[in-house]
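Welcome! Please take a moment with the sequence and the 3D view below before reading on.

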Amino acid sequence: MTFIVPIGPQHPALEEPAHFRIEVKGEEIVGVDLRLGYNHKGIEQALSDRSYAHGLYLSARVCGICNSTHSLAFTRAVESVAGIECPDRARYIRVIDAELERIHSHLLWAGIAAHEIGFTTLFMLFWRDRELSLDMRELLFGHRIYASGTYLGGARVDIKEKDIPQLIRTLAKLEKSVKHYIDVCTSDRTIIARCSGVGVLKKKDALELCAVGPTARASGVDFDIRRDDPYAAYDEISFDVIVERDGDVLAKVVVRLREILESIGIIRQAIDAMPKGAIRTKFPENVPENEAVGRTEAPRGELMYYVRSNGTNKPERVRIRTPSYANWPSAKPMLVGGTIAEIPIVVASIDPCYSCTDRVTIVDAETGKFRIMTKEELRRLRR
Amino acid sequence: MIEALGYVLAFFVFPGILFASAVGLLFAGIDRKLTGHMQHRIGPPIWQEFLDVGKLFGKEDITPAAANSFVFNCAPLLCFGAVTAVMLLLPINSSQPVLTSVADLIVIIYLLNIPAVCMMLAGYASGCPFGTTGSSRYVVQLFGYELAFITAALSVAAKVGWSLSLSSIVSYQAQNGWMVSQVALIPAAIAILIAAQGKLLRVPFDIPEAESEIVHGSLTEYSGPKLAILRIAYNIELFVVAAVVVNLFFGGPVPHTIGGVYIPGVVSFLIKCFGIVVLSTVIRNIAARLRIDQALKFFWTFPTLLAAISLFLVVVT
Amino acid sequence: MPRILPDVLKNLFRKPATVKYPKQRRELPENFRGKPVIDKEKCISCGLCVKICPDNAITLDEKTKKPRIWMGLCMMCGRCAELCPRKVFTMSKEFELATYDKYKAISE
């Protein structure tokens, strides 16, 4: 007979509230039901109420970890709508901002994943090295988390010559540490016992369920917006897209850690190739009627902003599709057939960002079930 | 009359509740401080476990409505009592423990299993799914480490001519050197150290109380004074298991004279126990947690085989 | 032999990576965006700051017509410092803004 283990809304494995109802037989999982929406903040409505300049700051605050990418995607969409091209130096500054954020996000994820499997030493060491990337963001842009490097029409601040040697030294330190961690994670017997063969997502499932980002790349799907639909200065920088075949948690760990090394290489190329010049062009107050889509490669996958303007200084409609929202359906084939012990690490391996996900209400069969449940619960409570 | 008073004093002060709690909580505090430094940060101060337990005693005592309150309330007290009773059966000061007539390896192993059984019952009686999952994992893990532990202990007993009394084992080591210096018993020493890590529920074997997976396993619904008693019991168990290992393999409480300074038996015993605790801390920090089926498979192959090899070598030679 | 073991043993003898805040403090870089500081002498009361603040945190005082920022809403984005025509605002390095009554946290 099946037994339901509730994970969430409060659980040590989850950073933010979400509700999983996992049906188990002994230790084996036979069914998963996912309920989101605890974090709904009404951001899309708020973006339609503010001008584009103010909306830029609000879009950055959708998510704390991928904030540069959100503002970059919004900027890309709005600049397409207005038909404005930003200057060359600004494109390279945007690249440096986005890649520093990718490093910090992947190191944060690696620490959380290590904590889920009980390896607290690695958790502390990853987060110690993450401080180096946050110090760099503070040095270059003025804030550790909300760097706000982009601006409508260019970049917000310029990168000064005297900061570059410290950036290069820190990148060298980070590279050495991350190479050592890749070595540890692929050779440690307990990590391999917990991560290898666990939470496998086959390539067919990844393509059918539209998984994006490192979750899909670890299953063999070779797709990266930076290479396939280039933005900022990515078409002038050469880098590898890391793809693994196995699709288990260990493959996802390896993909993300190797992407940190690629990011370090990208930043070095950007520093060398950055042209001199202005960092901003004039951006009009009122944007003519148009609609456009801006896509970027967030640390978690493909992030899409749809913007429609109506001639005033406020957008008519902004629609955000975050990578975490696209990756949730792939949690089900990964979990069913496994054991309870694997739930935290498998859910963490999608790198879910709950804030990013819950800006919309889920209006499909799931909500229908939920509504009925609520009535029953209310009836029970009334007795 | 005086003898009974002596036993009561021994149970409450030395080597009973006061001494065992003080040393156990101190060892746990040092373990947390060392863990902090190994992870390149400052850990809590050494007195942190005392402060934690003191804070918990001041909290409200709550029993959940869905729990079986008789089992839920008695389990911590039974754990604590059993573990402290073992202290009276171990040679700590000299090769004679306090209760000489019943000091037997079998009694010690049984008494050390009572906390495990109590925690399993408490988990099932908690009335929450995390407690049930934690207890079922505990049952499986008990089958894993107990076999290796008992086989390793038996190989030491076999060496002393099949005597199960700890005092005779300690006296034998006082004359012939530590058990671990005999080549035939080195595999058993390794096996018992691994089994001890499982017995103490520390990474890589803290599966029944895996914090990130099932909140706190059997202990989830405990809070306030009951949790304080459980924590003291766990920390005394840390000291007791290290003490058993030291008595079996590392010489026990033998006084030494190094460089003209006389070190009494108790001090050398505490230093050796501390060494075992530090070893357990290092292992705790360099591994991830295993899954329960992987842990069971591991226990029944690696440590059990080592202990069996030792037993075979001792019996044959 | 686990590869993490040399790290762990080496860390035992190194100085911890912790900065013992608040007894020790880190050097802040010069771009750091802390609390905005207002120089009232330079202000010409044009009212631009009120319009450009994304949080509507800046108000002009009724009598003196000089700006005042309520830190409960300010997100320290730096737009006021950037766009003021007379450079009335500067982003200081102050970030320890905890207070018992948030309505008293005003920068003017």
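This is a predicted model: local features need pLDDT of at least 70, side-chain atom pairs count only at pLDDT 80 or more; totals for chains, interfaces and linings use all residues.

Residues are numbered from 1 along each chain as its sequence is written, while chains are lettered from A and ligands numbered from 1 in the order in which they are written.

**Chain A as a whole**

- Chain A holds 16 helices and eight strands; helices (H or I, at least four residues) and strands (E, at least two) are DSSP runs, numbered from the N terminus.
- Of the 383 residues in chain A, 50% are buried. A residue is buried if 20 or more other C-beta atoms lie within 10 Å of its own, exposed if 12 or fewer, and partly exposed in between, with C-beta atoms placed from the backbone.
- Among contacts in chain A with a separation of 6 or more, 71% are between residues 24 or more positions apart. Two residues are in contact if their C-beta atoms, placed from the backbone, lie within 7 Å.

**A pair of helices in chain A**

- Helix H5 (residues 120-141) and helix H6 (residues 164-187) of chain A have axes that come within 10 Å and cross at roughly 160 degrees. Axes are lines fitted to C-alpha atoms, for helices over the stretch in contact, and angles run from 0 to 180 degrees between N-to-C directions.
- H5(A) and H6(A) are therefore roughly antiparallel to each other; angles under 35 degrees count as roughly parallel, over 145 as roughly antiparallel, 65 to 115 as roughly perpendicular and the rest as oblique.
- On the H5(A) side, the residues that meet H6(A) are A:Asp129, A:Leu132, A:Ser133, A:Met136 and A:Leu139. Their partners in H6(A) are A:Gln166, A:Leu167, A:Thr170, A:Lys173, A:Leu174 and A:Ser177.
- The contact of H5(A) with H6(A) has five nonpolar, four polar and two charged residues. Here Ala, Val, Leu, Ile, Met, Phe, Trp, Tyr, Cys and Pro count as nonpolar, Asp, Glu, Lys and Arg as charged, and the others, Gly among them, as polar.

**Where chains touch**

- The contact of chain A with chain B takes 22 residues from chain A and 22 residues from chain B.
- On the side of chain A that touches chain B, at least two residues each come from helix H4 (88-116), H5, helix H7 (189-195) and helix H14 (343-349) of chain A. H5(A) gives the largest share, five residues.
- By class, that side of chain A has 13 nonpolar, six polar and three charged residues.

**Nonpolar cores**

- The largest nonpolar core has 199 residues, and those with the most contacts inside it are A:Val95, B:Ile192, B:Phe239, B:Ala242 and B:Val245. Such a core is a set of buried Ala, Val, Leu, Ile, Met, Phe, Trp, Tyr and Cys residues joined through C-beta atoms within 7 Å.
- Helix H10 (residues 225-249) of chain B provides the largest share of this core, 19 residues.
- Another core, of 14 residues, lies apart from it and includes C:Ile58, C:Met76, C:Cys80 and C:Cys84.
- Leaving out residues up to four places away in sequence, B:Ile192 touches B:Phe149, B:Ala152, B:Val245 and B:Phe249.

**Residues to look up**

- B:Val203 and B:Pro204 are joined by a cis peptide bond, with omega about 5 degrees. B:Pro204 sits in the loop between helix H8 (186-199) and helix H9 (211-214) of chain B.
- In that loop between H8 and H9 of chain B you will also find B:Leu201, which has a positive phi of about 55 degrees although it is not a glycine.
- A cis peptide bond also joins C:Tyr21 and C:Pro22, with omega about 0 degrees.
- A:Ser59 lies in helix H2 (residues 52-60) of chain A and is buried, with 27 other C-beta atoms within 10 Å.
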